[in-house]
Structures are given as C-alpha cells and as structure tokens.
Amino acid sequence: MPRRQKIEISGLNIKVHPHDEDTYTSLMESLYALKKVTKIHGDRYGLITLVSKIEDNFMFGILSTFLEIEIDGDWFNTDTMEEATDNDVSSISIPDYLHPNLKVFRFMFNTSRHELIFEHYSDGDRLTHNSALTFFRNLTSDRSIKKKFGKIDISVIKEKGSIDRIFSIPRITDLDILIEKPNSDLWGEDFEEQAEEHLEDKNARSMNVSYKAERGLGIQRDEDLDSLIRASMNNGRSIAKGYGDDGHMIVSTDDYPKVVQEMYSQDADSGTVFRRIARAFRR
C-alpha cells in the first residue's frame, strides 16, 4: 500500500493600488523579473525561480531557498577539533553562483483576491509564515518595485476560527481592531469606491476601532464585532486583552494563521495536489 504524504498550505494577503487584476499580474511578473536573491532569515536566502500564468485568475510560481555561505569567514576542522588553518581553507573553491541546502516551495497567486498561497510544509521541508512574509516584504521593498507600484502591504491570512479565540477570554477589557484598505468584507462588493472616498478624504490608509470595557465588566460579543474582526483578519489585525481563571490574557489574530492540511498517496503528483488545494484555499 502506498505510503501517505502530508502537505500543508498557507497564504499571504498582498495589497497594492490600483486594486485590479492587471496590477497584481504586473507586480508578480516584475518580482520574478528582478531575479533578486533575497534574505529570509539567518543564512537562508530565497529566489523566485518560476512564475507563469496558468489560468485567468491564477499565476503559478516556485520559490527556491538555499544557504549563503560566508567563504571569507572562519572555518572549523572537525578532524582536528580546531579552527581551520589557512592551508585548510585554501583548498575550498565554491563558485559564487552555487548555493547549498536547496529547498523548493510552490506558490499560487490569485490575482483577483490578491492572495499568495504557498506550500507551508511539503516533502519534509517547511516554509514558515514568518519566513514567507519576510521574503516577500524584503523583495517588494526593492527600489524599482516601490517606484513602479508604490506602497505594498503584505500580511499573513488568518484562521477564521481566531474570532472565537478572541472571545475565549472570559472577560475582555480592551479590544483593538485595525482595518486597512482595501477590505471588501467590511464595506461590501463596492468597497473600492466607498473605502477610497471614506479614507482618502481623510488622508488615511487605515482605521483603528478601540473598545474599553466599563470597570469590572467585559466587552460583549455581537454580530457587529464579529464583522469588524473578520474584516481585520483579511487586512489588519485584532488584539484582545482581559482576564481569565489564570490571570491576565492577550489574544491576537496574528497568532492564528490559516493552515490547510491534507494527506495524499505517495503515488499522486504533489504538484497537482498543491494546485487543487490552493484553488480552494478560501472557498
């Protein structure tokens, strides 16, 4: 019987103006065209090695990650258990274009929902939410990208169940909800017209709604609060503070990224499995 494999996917929300599919398509093509090696964390770097449009609203890509070795740094000799000598190091010859410890992760970019869905875990390798976020934030901070597209906001897509986690605090004393534009969940399908007018008339990019409970009481949950928090999960964040049986508690929607996991047969094509799950990520 074929062995079972595990795959996990997660997503990033990428926001740029003007807020249309052509702009997002151009953005992804421009990021790929940079061919820029970008730091992820520590000695690990990444490079987008493939981007192609596979259907109307989806682009497929590959993020290759690897280690950058500091050739000129100090080396260690495990045979002698001492720092390597100049003679030891002189025998090392690694071309600048070769990098060790390659790990490859697929991603799909939904240009209509401006969501980048990536392999969080596949074939024993993991690309954490923070690593993916750091890579794309660093890449989009390139001067040529900022000049062409302006400010680009990127955030991790949160788990919808984090609303319940917010209200798992028995007595909420403070609730801060940050909502950034664009956010169709809050203003409806015609958000762009309403939100642009609502925020730009005030020279604002975002709005922050803060609640503070009456002394000795807790903030009560209702449909309005649910809607606000749900909107913040797509574009922004919500942070609740309060008290429970064990004392002071803090819960943030940032702590609960959305992760979709599936087991599949080792005989199945992992790329096909990824594309299928990615297309249904937010349905």
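**Salt bridges, strands and a pocket**

Guide: Arg 126 forms a salt bridge with Glu 8, and their closest N and O atoms are 3.1 Å apart. A salt bridge here is a side-chain nitrogen of Lys or Arg within 4 Å of a carboxyl oxygen of Asp or Glu. This is a predicted model, where local features need pLDDT of at least 70, side-chain atom pairs count only at pLDDT 80 or more, and totals for chains, interfaces and linings use all residues. Residues are numbered from 1 along each chain as its sequence is written, and side-chain values use heavy atoms, with hydrogens and water left out.

Visitor: How many residues apart in sequence are the parts that Arg 126 and Glu 8 tie together?

Guide: Helices (H or I, at least four residues) and strands (E, at least two) are DSSP runs, numbered from the N terminus. Arg 126 lies in strand E9 and Glu 8 in strand E1, so the pair ties together parts whose separation in sequence is 118 residues.

Visitor: Is Glu 8 buried or exposed?

Guide: Buried means under 20% relative accessible area, exposed over 50%, and partly exposed in between, with a 1.4 Å probe and protein chains only. Arg 126, at 40%, is partly exposed. Glu 8 has 7%, so Glu 8 counts as buried.

Visitor: Which strand holds Asp 174, the partner of Lys 212?

Guide: Lys 212 and Asp 174 form a salt bridge, with closest N and O atoms 2.9 Å apart. The pair links distant parts of the chain, 38 residues apart: Lys 212 is in strand E12, and Asp 174 is in strand E11.

Visitor: How many bridges join E11 to E12?

Guide: Two strands pair if DSSP finds at least two bridges between them. These two belong to an open sheet of 4 strands, with order E12-E11-E13-E14 and antiparallel pairing. The edge strands, E12 and E14, each pair on one side only. E11 and E12 run antiparallel, and the bridges joining them number 7.

Visitor: Which helix gives the largest share of the lining of the second largest pocket?

Guide: The largest share, 4 residues, comes from H3.
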